[in-house]
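Subject: Structure handover, with notes on cavities and pockets

Hi,

Here is the structure I promised to pass on.

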Amino acid sequence: NVHLRLVVMLMNPVLASAQRALAERGSNLIPSVNEPTIKAAATAKWDSRYAGAVPHDTAYYMKCVLGGAISCGSTHLAVTPLDVTKCNMQVNPGKYKGLISGMRLIIKEEGASAILKGWLPTLLGYSAQGMFKFGLYEYFKDLYSNLAGEEASKKYKGMIWLAGSASAEFFADMALCPMEMVKVKVQTSVAGTWPTEFGAATRMMIEKKAETRFPFGSVVPLWSRQIPYTMAKFFFFEKVVQLFYTHVFTAPKETYSKPTQLGVTFASGYIAGVVCAIVSHPADTIVSLMGKPANRGKSVGAIASEFGYANLATKGLGVRVVMIGTLTGLQWWIYDTFKSTMGMGTTGGK
């Protein structure tokens with residue numbers, strides 16, 4: 001017993017010290033392991049690029065660039081006959097009074113191939129435009145969302161769409177402008193007064209740049225036509241898609257089949273296209289009139305005044321509504337089909 005009491009007396013300070021050490025260590029154990037994780041989670045900044053199911057990295061944006069080129073280049077190429085007729089109706093409304101009659105007159109006077117004039121600059125120009133229009137829209141939409149922050153970007157989605165599309169189109173029009181000028185000149189010049197072959201037409205545009213203002217002489221009218229057009233195109237597309245998935249297809253978008261999602265895409269694109277055509281038509285008419293020899297050297301204001309502001313808004317509008325409505329619907333359908341094929345999903349939602 002004496003020996004046992006002696007051992008206990010000697011061990012008491014050791015046991016007490018060990019108990020205190022374990023208690024201190026135990027109280028710090030959980031924070032030391034989890035504190036960095038908790039702090040990281042608390043300080044992590046919301047990023048629009050990673051808010052969805054598919055990360056918006058460089059590869060994502062480059063795929064959008066490619067999808068935009070395919071979408072815009074192919075659709076504008078497909079409606080070249082309508083475009084040729086529409087441009088001539090704008091430049092010479094007294095002669096070309098309707099879509100069908102105008103197309104027949106062009107074929108009668110210049111041959112069947114005349115309704116395909118300018119197909120190559122159309123393909124090149126609008127492919128370049130599509131790259132910037134769609135690719136930069138996705139980029140600027142994420143950029144402005146991040147600048148606004150999570151709460152504001154959700155509250156003011158419409159403003160983000162408008163700012164992103166306007167910024168993208170500013171650069172897209174600079175890419176489009178040289179080929180658009182060649183296209184309009186080829187399509188609206190009187191037969192025999194300007195080359196229709198792409199290489200020869202472009203060379204003459206360069207040789208006579210003092211007269212044609214090539215390559216960026218039409219960029220300001222293009223901005224005035226295309227920026228409002230694109231803002232309407234993207235805003236109303238996103239808005240109509242949102243309405244579809246809020247009031248018609250109310251389940252999560254991912255639960256619907258790809259054909260259903262792409263059907264929503266086409267319908268939304270067509271509706272947006274009709275609005276776009278009306279908004280941008282006066283400036284589109286100005287761009288066509290600038291290619292007319294009689295308007296050489298005149299200011300935009302002088303051309304508009306002489307042609308008449310009512311004519312600017314109405315001549316060729318019916319053709320353009322049909323053309324742009326179909327064109328925009330197809331562009332969004334092709335673009336979203338490409339995105340879906342690449343595993344990126346369709347554009348828009350609730």
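Predicted model: local features only at pLDDT ≥ 70, side-chain atom pairs only at ≥ 80, totals over all residues.

Numbering starts from 1 along each chain as its sequence is written, and side-chain values use heavy atoms, with hydrogens and water left out.

**Overall fold**

The protein has 14 helices and zero strands (DSSP runs numbered from the N terminus: H or I of at least four residues for helices, E of at least two for strands). Of its 350 residues, 44% are buried (under 20% relative accessible area with a 1.4 Å probe, protein chains only). Among contacts (heavy atoms within 4.5 Å) with a separation of 6 or more, 77% are between residues 24 or more positions apart.

**Cavities**

Everything here was done on a 1 Å grid over the protein atoms alone: a cavity is a set of points where a 1.4 Å probe fits but cannot get out, a pocket is an open set with protein on both sides within 12 Å along at least five of seven lines, and lining residues have an atom within 4 Å of a point. Points are joined across faces, edges and corners, and a volume is the space filled by probe spheres set on them.

There are two cavities of 30 Å³ or more. The largest holds about 220 Å³ and has 17 lining residues, with Met181, Lys185, Thr212, Met290 and Gly291 nearest its centre. Helices H7 (157-188), H9 (209-212) and H11 (258-290) each give two or more residues to that lining, and H7 gives the most, with four. By class, the lining of the largest cavity has six nonpolar, five polar and six charged residues (nonpolar: Ala, Val, Leu, Ile, Met, Phe, Trp, Tyr, Cys and Pro; charged: Asp, Glu, Lys and Arg; polar: the others, Gly among them).

The second largest cavity comes to about 160 Å³. Its lining has 21 residues, and His76, Tyr126, Arg225, Gln226 and Asp284 are the closest to the centre. That lining splits into seven nonpolar, five polar and nine charged residues.

The largest pocket has a volume of about 1,000 Å³. It is lined by 34 residues, and Gly52, His56, Lys253, Gly348 and Gly349 sit closest to its centre. H5 is the top contributor to this lining, with four residues. The classes are eleven nonpolar, eleven polar and twelve charged.

The second largest pocket is about 220 Å³, with 13 lining residues; Asn88, Asn92, Thr188, Ser189 and Val190 lie nearest its centre. H3 and H4 (99-110) are the elements that give it two or more residues.

Two packed helices are described by the angle between their axes and the distance between the axes. For H2 (residues 58-78) and H14, the axes come within 9 Å and cross at roughly 145° (lines fitted to C-alpha atoms over the stretch in contact, with angles from 0 to 180 degrees between N-to-C directions). On the H2 side, the contact includes Tyr60, Leu66, Ile70 and His76, and on the H14 side it includes Leu327, Trp332, Tyr335 and Phe338. The whole contact has eleven nonpolar, seven polar and two charged residues.

Cheers

Definitions and conventions. Buried < 20%, exposed > 50% of the residue type's maximum accessible area, 1.4 Å probe, protein only.
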